Amino acid sequence: MAPLRRIFYDTEFIEDGRTIDLVSIGAVDEDGNEFYAISTEFDDSRAIPWVRKNVLDKLPGPADKAWKSRDQIRVELLDFLTAGVTNRGSIELWAWYAAYDHVALCQLWGAMPALPRPIPRFSKDLRQRWDDLGRPELPPAGADQHDALADARHNLARWQAMEKARLSGAEGVRIGSA
């Protein structure tokens, strides 16, 4: 069996209760390989003030190489997710409050049945794992919070802190906001 590849990711999106419109996606694996892309196709006119202030206003300018079409993101993200993976079931996706992130990721391919076979049909939830482990102390989010790549890196740091606590048997109280 191929080794397991854990990928920690985050998405930023605009949503209205019916539609989740991907703004950006960041992902990092345990070896430090990273992926980051900003969609050129989201409708910024639908963003609520909080998203505009905390997400859109922090995006790099349109000349930045991270800006890509959804088609380009789909191709490059699949390459990133499956790098070195030869067997189905060899990838784990992890996110903090993963439900919306997973939908935003899946929608790059359309309906869930269109999702390429190597990509898991669900993302594991770091927030739930944190609860299950007794809420050990986690690193606080940085000033760059709500940047998808910064949040993906933070998710990896959360995983590492949780694994350290799990292996040592330590329990604690999380610092920073949930």
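Predicted model: local features only at pLDDT ≥ 70, side-chain atom pairs only at ≥ 80, totals over all residues.

User: How many aromatic pairs does a search of the whole structure find?

Analyst: The search finds seven aromatic pairs.

User: Why is the pair of Phe 42 and Trp 67 called stacked?

Analyst: Look at the distance, then the angle. The ring centres of Phe 42 and Trp 67 are 6.1 Å apart, and a pair needs centres within 6.5 Å. The planes are 25 degrees apart. Stacked means under 30 degrees, so this pair is stacked.

User: What makes this pair a link between distant parts of the chain?

Analyst: Phe 42 and Trp 67 are 25 residues apart. Phe 42 sits in the loop between strand S3 and helix H1, while Trp 67 belongs to strand S4.

User: Is Phe 42 buried or exposed, and what about Trp 67?

Analyst: Phe 42 has 14% relative accessibility. Buried means under 20%, so Phe 42 is buried. Trp 67 has 22%. That value lies between 20% and 50%, so Trp 67 is partly exposed.

User: Why is the pair of Trp 94 and Trp 159 called tilted?

Analyst: The centres of Trp 94 and Trp 159 lie 4.8 Å apart, with 50 degrees between the planes. Stacked needs under 30 degrees and edge-to-face needs over 60, so 50 degrees counts as tilted. Trp 94 is in strand S5 and Trp 159 in helix H5, 65 residues apart.

User: How do you know that Trp 94 and Trp 159 are buried?

Analyst: Trp 94 has a relative accessible area of 6%, and Trp 159 has 5%. The cut-off is under 20%, so Trp 94 and Trp 159 count as buried. Ring pairs also link Phe 8, Trp 94 and Trp 159 into a cluster.

User: Which charged end sits over the ring of Trp 96?

Analyst: That of Arg 158, 3.8 Å from the ring centre. The distance cut-off is within 6 Å, so 3.8 Å meets that part of the test. Arg 5 sits over the ring of Phe 80, 4.9 Å from its centre.

User: Which residues touch the most other members of the largest nonpolar core?

Analyst: Ile 25, Phe 35, Leu 77, Leu 93 and Leu 105 do, out of 25 residues. Strands S1, S2, S3 and S5 and helices H2 and H3 each give two or more residues to this core. A second, separate core has 13 residues, including Ile 14 and Leu 149.

Methods: Residues numbered from 1 in each chain as written. Heavy atoms only, no water. Phe/Tyr/Trp six-rings, centres within 6.5 Å; stacked < 30°, edge-to-face > 60°. Helix = DSSP H or I, 4+ residues; strand = E, 2+ residues; numbered from the N terminus. Buried < 20%, exposed > 50% of the residue type's maximum accessible area, 1.4 Å probe, protein only. Lys NZ or Arg CZ within 6 Å of the ring centre and 35° of its normal. Core = buried A, V, L, I, M, F, W, Y, C linked by side-chain atoms within 4.5 Å.
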